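Please look at the sequence and the three-dimensional structure shown below.

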Amino acid sequence: MQTVTIEKLDPYLVIVILVPTQKQVFDEGIAPQIIVQPTAVLAKDEAQAAAKAMRLVPEEQAKYIDRLEVKVLPFQGVRA
């Protein structure tokens, strides 16, 4: 009989923001935009949660990868 190890995953809230260039801010008054709304993901750590968030970026914004900012917040709930 094989032993199966189940990886412990924790819930995280992720958000992806498209940050405008300085030129866009000063010339056009463009503000940062949330392109991935707050979404819950299960991950083993914050790095994995951030990677999962990047997979949620719409294809048309993926070309701005150098201007995307990922925010990862762990849930602070009570464990049963």
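Are Asp27 and Lys23 buried or exposed? Both Asp27 and Lys23 are exposed, where exposed stands for over 50% relative accessible area, buried for under 20%, and partly exposed for values in between, with a 1.4 Å probe and protein chains only. This is a predicted model, in which local features need pLDDT of at least 70 and side-chain atom pairs count only at pLDDT 80 or more, whereas totals for chains, interfaces and linings use all residues. Residues are numbered from 1 along each chain as its sequence is written, and side-chain values use heavy atoms, with hydrogens and water left out.

The overall form comes next. The protein contains two helices and three strands, and their order from the N terminus is β-α-β-α-β. The radius of gyration of the protein is 17 Å, well over the 12 Å that the globule rule gives for 80 residues, so the protein is more spread out than a compact globule. This radius is taken over C-alpha atoms, and the globule rule is 2.2 Å times the number of residues to the power 0.38. Along the principal axes, the C-alpha atoms fill a box of roughly 65 × 30 × 15 Å. The helices (H or I, at least four residues) and strands (E, at least two) are DSSP runs, numbered from the N terminus.

Of the 80 residues in the protein, 24% are buried. The protein exposes about 6,300 Å², and carbon and sulfur atoms supply 56% of this area; such areas come from the Shrake-Rupley method with a 1.4 Å probe, and for residues only the protein chains shown count as cover. A contact is defined by heavy atoms within 4.5 Å. Among contacts between residues at least 6 apart in sequence, 63% join residues at least 24 apart.

The charged side chains form another part of the picture. The protein has 9 positive and 10 negative side chains, and the centres of the two sets lie 4 Å apart. Lys and Arg count as positive and Asp and Glu as negative, while His and the chain ends are not counted. The place of a charge is NZ of Lys, CZ of Arg, CG of Asp or CD of Glu. Side chains of opposite charge can pair when their charged atoms come close.

How many salt bridges does the structure hold? The structure holds three salt bridges, each being a side-chain nitrogen of Lys or Arg within 4 Å of a carboxyl oxygen of Asp or Glu. One of them joins Asp27 to Lys23, with the closest N and O atoms 2.7 Å apart. These two residues both lie in helix 1 (residues 22-28), four residues apart, which is about one turn of the helix. Another salt bridge links Asp10 and Lys8, whose closest N and O atoms are 2.9 Å apart. Asp10 counts as buried because its relative accessibility is 15%. Glu69 and Lys71 also meet in a salt bridge, at 2.9 Å from N to O. Glu69 is partly exposed, at 33% relative accessibility, and Lys71 is likewise partly exposed, at 39%.

Arg67 presents another case. This residue lies in the loop between helix 2 (46-54) and strand 3 (68-74). Arg67 is buried yet has no salt bridge, and the nearest side chain of opposite charge, Asp66, is 5.8 Å away. Beyond its neighbours within four places in sequence, Arg67 is in contact with Ile17, Leu18, Val19, Pro20, Thr21 and Gln24.

Pro20, one of those partners, is found in the loop between strand 1 (10-18) and helix 1. With 12% relative accessibility, Pro20 counts as buried.

Pro74 is placed in strand 3 and counts as partly exposed, at 35% relative accessibility. Setting aside neighbours within four places in sequence, Pro74 is in contact with Pro11, Tyr12 and Glu46. Pro74 and Ala40 are 34 residues apart in sequence and 9.5 Å apart in space, C-alpha to C-alpha. Thr5 belongs to the segment before strand 1, and Thr5 is exposed, at 72% relative accessibility. The C-alpha atoms of Thr5 and Phe75 are separated by 24 Å, and these residues are 70 residues apart along the chain.
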